[in-house]
Amino acid sequence: MLQSYKKYKRISSVKATVILLIVAALAVLVTWGVWSLWDFVADPIEHEESFDAIIEKAARRNNLPPELVRAVIWRESKFNRHTIGKDGEVGLMQIRPETAVIDWAKYKKRHVPSKGALMDPELNIEIGSWYLGRAMRNWAGYKDQIALALCEYNAGRKRALEWKPKDKNGEVIGNIAYKSTREYVGDILRKYNDYRSETAKKREDAAKNKKK
């Protein structure tokens with residue numbers, strides 16, 4: 001009888017330990033899941049303004065309006081630095097390791113960064129801004145310079161050349177054969193104008209406060 005009781009007690013103890021381990025494991029999984037979900041949902045909202053300084057510097061180095069860089073990031077990743085595109089695009093500006101990154105590394109005479117390194121906001125925005133800045137220079141003199149640069153950024157230079165207007169003062173949007181690129185360009189241009197309006201409003205408010 002005593003032996004049976006000891007055996008029962010030992011089995012109960014093992015069961016209790018197993019249950020505790022299962023509960024602990026579930027708690028860890030739930031905690032990890034909650035934080036992962038929060039990071040996924042909140043990251044774009046929480047960190048949008050924290051990229052402002054990086055965007056300003058990268059835009060200035062590459063002769064771009066900061067509002068345009070910001071609009072591209074908004075469209076490409078909604079300010080989520082962890083975004084990976086279906087074709088392997090990486091990070092905030094969804095840069096392509098096999099094209100934009102290699103071109104940047106060759107131009108700068110630097111080693112090609114790893115995919116993990118490309119998640120770094122500063123490096124990602126610098127490479128994306130450089131690539132966009134180069135596209136802008138390619139279309140200097142065109143009335144729709146920004147739209148053509150965005151076409152090149154999204155669909156490549158070959159496609160952008162196919163869609164350029166016959167006259168430098170001509171319209172571009174109607175020439176874009178890909179619906180996805182047409183929507184991409186339209187979305188960014190609208191957001192770019194929104195950001196420009198916000199910047200103008202901030203400057204206006206700052207000037208008013210300075211006079212007080």
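View 1. Trp139 is buried, with a relative accessible area of 2% (buried means under 20% relative accessible area, exposed over 50%, and partly exposed in between, using a 1.4 Å probe and protein chains only). This is a predicted model, in which local features need pLDDT of at least 70, side-chain atom pairs count only at pLDDT 80 or more, and totals for chains, interfaces and linings use all residues. Residues are numbered from 1 along each chain as its sequence is written, and side-chain values use heavy atoms, leaving out hydrogens and water. Tyr142 is buried too, at 14% relative accessibility.

**View 2. Aromatic pairs, with Phe51 and Phe79 in focus.** Five aromatic pairs turn up in a search of the whole structure. Rings of Phe, Tyr and Trp (its six-membered ring) pair if their centres lie within 6.5 Å; planes under 30 degrees apart count as stacked, over 60 as edge-to-face and the rest as tilted. Phe51 and Phe79 are stacked, 6.4 Å centre to centre with 15° between the planes. Phe51 lies in the loop between α1 (2-47) and α2 (52-61), and Phe79 in the loop between α3 (66-77) and α4 (100-108), so the pair ties together parts that are 28 residues apart in sequence. Helices here are DSSP runs (H or I, at least four residues), numbered from the N terminus, as are strands (E, at least two). Both Phe51 and Phe79 are buried. Trp139 and Tyr142, from the opening view, form an edge-to-face pair: 5.3 Å centre to centre, 75° between the planes.

**View 3. Arg70 and its two partners.** Asp52 forms a salt bridge with Arg70, their closest N and O atoms being 3.3 Å apart (a salt bridge is a side-chain nitrogen of Lys or Arg within 4 Å of a carboxyl oxygen of Asp or Glu). The pair links distant parts of the chain, with Asp52 in helix α2 and Arg70 in helix α3, 18 residues apart. Asp52 is partly exposed at 25% relative accessibility, whereas Arg70 is buried at 9%. The charged end of Arg70 also sits over the ring of Tyr195, 5.7 Å from its centre; this requires NZ of Lys or CZ of Arg within 6 Å of the ring centre and within 35 degrees of the ring normal.

**View 4. Arg61 meets Glu126.** These two residues form a salt bridge, with the closest N and O atoms 2.8 Å apart. Arg61 lies in helix α2 and Glu126 in helix α5, so the pair ties together parts that are 65 residues apart in sequence. Glu126 is buried, at 10% relative accessible area.
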